[in-house]
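Have the sequence and the 3D view open as you read.

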Amino acid sequence: MSSLVNAIVMLGMLVVVPAGLRLTGEPGLERMSRLWPLFAVPGALALWLPRGTAAVSLATVYALGTAVLALHAPLRLLREPRACRAPAEIALLTALVMPSVAATALVAERAGHALFGFGLGILALTVPHFHFAGFAAALVSGLVCRVADTRAGRFAALSVPLGTLLVLAGYFIGDRAELAGAVVLTAGMWTVALLTWRSVRGRGRERTTRLLLAVSSGVLAVTMVLALSWALGEATGIPHPTLGWMAATHGLGNALGFALCSLLAWRRLQQAPGRSGPVAPRHDTHLEGRTA
């Protein structure tokens with residue numbers, strides 16, 4: 001399981017985060033995406049080294065990069081506080097902060113330190129969770145909200161960040177709180193899948209883009225059932241998948257089928273001739289549901 005989790009984390013570090021930052025359309029975040037390999041490559045190397053000083057040092061480099069990224073969130077809030085109340089903007093702000101949660105867990109795990117009492121296995125799985133359920137899911141929910149600026153779209157853009165934060169809180173409060181977070185996150189992700197299928201996938205998209213969006217929707221429908229079953233089992237004691245099985249199914253499915261396919265599709269929409277498809281707004285459009 002360790003090698004599989006490391007490969008998933010590398011995908012998040014080296015591909016998903018910089019690709020997602022380029023979709024924001026904000027110059028500051030686009031510059032950050034170009035600098036991202038300076039932080040992500042050391043972080044990826046840290047995954048494969050034995051626990052110790054070298055691994056911690058490389059993981060700390062990555063943590064510094066995620067901290068710089070997270071600082072963009074309060075800066076946006078200070079610059080345009082009213083605009084940041086929009087659901088899609090809230091989703092983006094959440095996405096900017098989540099890699100720092102993953103990096104904190106990575107540094108602790110590479111040091112062999114049970115952070116806040118959490119074992120090294122849980123910390124290792126926290127790293128991919130907050131790259132994909134944290135960063136990628138929140139970002140995509142905000143993009144979907146721009147296209148489907150409806151009650152459902154706003155629900156998705158708010159419930160995905162809320163569910164992710166509730167799951168994080170559940171780590172400290174207990175299994176039932178984590179289950180509540182999983183329920184909220186699953187509802188939000190299923191809404192993202194439905195809106196992606198109904199509102200984003202159509203409108204004359206070319207075949208490859210439609211296929212990528214269809215795969216991301218279908219994968220979410222399945223992988224979030226697994227997430228919900230695991231959280232329910234942890235809270236109630238009923239039989240549920242093991243962590244190894246979850247990594248090989250839920251984790252791998254969300255990494256490749258949801259996050260990667262979604263970001264590739266949105267990038268293709270951004271680069272479409274005439275920019276007929278929706279793209280992430282620049283910071284001066286306030287994510288208010290305009291289309292490009």
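The search finds three cavities of 30 Å³ or more. Keep in mind that this is a predicted model. The second largest cavity holds about 40 Å³ of space.

Helix 8 provides the largest share, with four residues. By class, the lining of the second largest cavity has seven nonpolar and four polar residues, and no charged ones.

## The largest pocket

Now for the open spaces. The largest pocket has a volume of about 770 Å³. Its lining is made up of 33 residues, and those nearest the centre of the pocket are Leu125, His129, Tyr171, Trp230 and His250. These five make a handy selection for bringing the largest pocket into view.

Which helices build the lining? At least two residues each come from helix 1, helix 5 (120-147), helix 6 (151-173), helix 7 (175-200), helix 8 (207-236) and helix 9 (243-270). Helix 5 gives the largest share, eight residues. The lining of the largest pocket divides into 22 nonpolar, eight polar and three charged residues.

## The second largest pocket

The second largest pocket has a volume of about 220 Å³. Here 16 residues form the lining, with Ser2, Val5, Asn6, Glu109 and Ala124 nearest the centre. Helix 1, helix 4 (87-111) and helix 5 each supply at least two lining residues.

Helix 5 again gives the largest share, this time five residues. Sorted by class, the lining of the second largest pocket has 10 nonpolar, three polar and three charged residues.

## Helix 1 against helix 2

On the helix 1 side, the contact uses Ser3, Asn6, Ala7, Val9, Met10, Met13, Leu14, Val17, Pro18, Leu21 and Arg22. Helix 2 meets them with Leu29, Glu30, Met32, Ser33, Trp36, Ala40, Val41, Gly43, Ala44, Leu47 and Trp48. Together the residues of this contact comprise 16 nonpolar, four polar and two charged.

## Helix 2 against helix 3

Helix 2 also packs with helix 3 (residues 53-79): the two axes come within 6 Å and cross at roughly 155 degrees. Helix 2 and helix 3 are therefore roughly antiparallel to each other. Their crossing is left-handed.

From helix 2, the residues in this contact are Gly28, Leu29, Met32, Trp36, Leu38, Phe39, Ala40, Pro42, Gly43, Leu45 and Ala46. Their partners in helix 3 are Ala55, Leu58, Ala59, Val61, Tyr62, Gly65, Thr66, Val68, Leu69, His72 and Arg76. In this contact there are 16 nonpolar, five polar and one charged residues. Leu29, Met32 and Trp36 of helix 2 are among the residues that take part both in the contact with helix 1 and in the contact with helix 3.

Notes: Residues are numbered from 1 along each chain as its sequence is written. This is a predicted model: local features need pLDDT of at least 70, side-chain atom pairs count only at pLDDT 80 or more; totals for chains, interfaces and linings use all residues. Side-chain values use heavy atoms; hydrogens and water are left out. Contact means heavy atoms within 4.5 Å. Ala, Val, Leu, Ile, Met, Phe, Trp, Tyr, Cys and Pro count as nonpolar, Asp, Glu, Lys and Arg as charged, and the others, Gly among them, as polar. Axes are lines fitted to C-alpha atoms, for helices over the stretch in contact, and angles run from 0 to 180 degrees between N-to-C directions. Angles under 35 degrees count as roughly parallel, over 145 as roughly antiparallel, 65 to 115 as roughly perpendicular and the rest as oblique. A crossing is left-handed if the near helix is turned anticlockwise from the far one by less than a right angle, and right-handed if clockwise. On a 1 Å grid over the protein atoms alone, a cavity is a set of points where a 1.4 Å probe fits but cannot get out, and a pocket is an open set with protein on both sides within 12 Å along at least five of seven lines; lining residues have an atom within 4 Å of a point. Grid points are joined across faces, edges and corners, and a volume is the space filled by probe spheres set on the points.
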